[in-house]
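Here is a short briefing for a first look at the structure below. Keep the sequence and the 3D view side by side as you read.

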Amino acid sequence: MGCCECRLKQNCDFDDIAPTLNTGDLCLFTLPGRFGCQVRCCTGTPWVHIAMVYRPMQWMREKAGLPQTAPEDVLIIESEKHTWDGRKGGGLQIVSLRTKLATSRGLCGIRRLRGFALTPQVLERLDAFVDKVRDAPYQTGIRELLNAAVDLPGFHNETDLSSLFCSEFVAEALMSMGIMRRSNSSNEFTTGDFSTIGGGCCCCMGVQDSVHLTTPDASYEAERIPARLPFPGKGQRLAWVVGHPQLALVNGKCINHVERQ
C-alpha cells in the first residue's frame, strides 16, 4: 500500500452497508503504485478515483440494458480510462460495486448522502444527464487535470463535457441533480474535493472537502471503508456500456445482454 493508504482503517462490512446505499452516494478508491502516488501528491488525499452509486429509473435501465437489482446489489457509474469493454478512449460505464471492490487493488471509501430528497424529478434529471454524455470519452488532457488540482490564479477550467475525468463526471452529475451548487465548473473538482481524509503521498495539501451542497440539511457522511472482498471466482463479473443495451460484460467477455437473459 501507499504511505497514506496504510493509515486507512477498514471499519464496516460491505453486506451491512450495501442495502443502505442510494443514488448520489460517493465511492472513492485508492490505487497503489507510482501513478496513485502522483495523483495523491496533487489532490492531498489518499483517493485517486471516484464513482457514484446509481439506481436509475426504469427507462434508463432499459436503455442501458441493466437488470432489475435487489437493494444489496449496488451499481455505480463512473468515467474510467480503462473500461471493461475495452473502448478506445474509455468513458462512462456502469459496474457492480461488489465486483469493483473484489477486483480492485486498493480500498474504497463510501460517503452516504443524508438530508436530500431523491424525488422522481431529481432522478429524471440525472438520467437525462447520463444519457446526454453517454458517449463522452475519458478526459486525458493534462492541462485540464492540472488546472483542476491547482487552486491558483491562472489555473482555471471552463465547463467542457465533450470528455470527462472521474471527478468531473461526479461533480456534474451532482449538479444536474441539484445536490451540489454550481460554485465552480465541474472540471475544477478533484477527488480531494470530495474527501474528508487528508494526506498526500509526498506533499500533503490537507483536507479539502469543498463540495458545496444546495440545502443546509444535506450532508455527506465521512468515509466508511468496507473490508476487502474475495476475488470473484466462478461468479459473474458484470459491467454495462451506457447507452448500448446489447452489450454486457460477463466473466471478462463483452456479450449480447439480451442473449444472456
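Glu78 counts as buried, because its relative accessibility is 0%. The model is a predicted one.

**Glu78 and its partners**

- Glu78 sits in strand β3, which covers residues 75-80.
- Its side chain makes a polar contact with the side chain of Gln93, at 2.8 Å.
- The side chain of Glu78 makes another with the side chain of Lys100, at 2.9 Å.
- Leaving out residues up to four places away in sequence, Glu78 touches His49, Ile50, Ala51, Gly91, Leu92, Gln93, Val95, Lys100 and Phe169.

**Helix α5**

- Helix α5 runs over residues 120-132. At 1.5 Å a residue, its 13 residues should span 18 Å, and the end C-alpha atoms are 18 Å apart, which agrees.
- Val122, Leu123, Leu126, Asp127, Phe129 and Val130 are the buried residues of α5.
- Viewed down the axis of α5, these buried residues fall within an arc of 160°, so they line one face of the helix.
- Pro120, Gln121 and Lys132 are exposed on the other side of α5.
- The buried residues of α5 pack against β2 (49-53), α3 (58-64), β3, β4 (91-96) and α7 (166-177).

**Helix α7**

- How much of α7 is covered? Twelve of its twelve residues are buried.
- Among these buried residues are Cys166, Glu168, Phe169, Glu172, Leu174 and Met177.
- The twelve residues of α7 should span 16 Å at 1.5 Å a residue; the end C-alpha atoms lie 17 Å apart, which agrees.
- Just after α7 comes Gly178, with a positive phi of about 85°.

**The nonpolar cores**

- The largest nonpolar core holds 41 residues. Val130, Phe169, Leu174, Met180 and Phe194 have the most contacts inside it.
- Two or more residues of this core come from each of β1 (26-29), β2, α3, β3, β4, α5 and α7.
- Which element gives the most to this core? It is α7, with eight residues.
- Another core, of 19 residues, lies apart from the largest one. Cys12, Ile17, Phe29 and Ile76 are among its members.

**Cysteines**

- How many disulfides does the structure hold? The count is zero.
- Cys12 is in no disulfide; the nearest cysteine sulfur belongs to Cys108 and is 8.7 Å away.
- Cys27 is in no disulfide either; the nearest cysteine sulfur is again that of Cys108, 4.7 Å away. A disulfide here requires sulfur atoms within 2.5 Å.
- Cys12 is buried, with a relative accessible area of 12%. Cys27 is buried too, with a relative accessible area of 0%.

**Pro226**

- Pro226 lies in the loop between β7 (219-220) and β8 (238-241).
- Pro226 and Asn11 are 215 residues apart in sequence, but 6.1 Å apart in space, C-alpha to C-alpha.
- Beyond its neighbours within four places in sequence, Pro226 is in contact with Gln10, Cys12, Phe14, Leu101, Cys108 and Ile110.

Technical notes:
Residues numbered from 1 in each chain as written. Predicted model: local features only at pLDDT ≥ 70, side-chain atom pairs only at ≥ 80, totals over all residues. Heavy atoms only, no water. Helix = DSSP H or I, 4+ residues; strand = E, 2+ residues; numbered from the N terminus. Contact = heavy atoms within 4.5 Å. Buried < 20%, exposed > 50% of the residue type's maximum accessible area, 1.4 Å probe, protein only. Polar contact = N/O pair within 3.5 Å; in protein donor to acceptor, adjacent residues only side chain to side chain. Expected span 1.5 Å × (residues − 1). Arc of directions from axis to C-beta. Core = buried A, V, L, I, M, F, W, Y, C linked by side-chain atoms within 4.5 Å.
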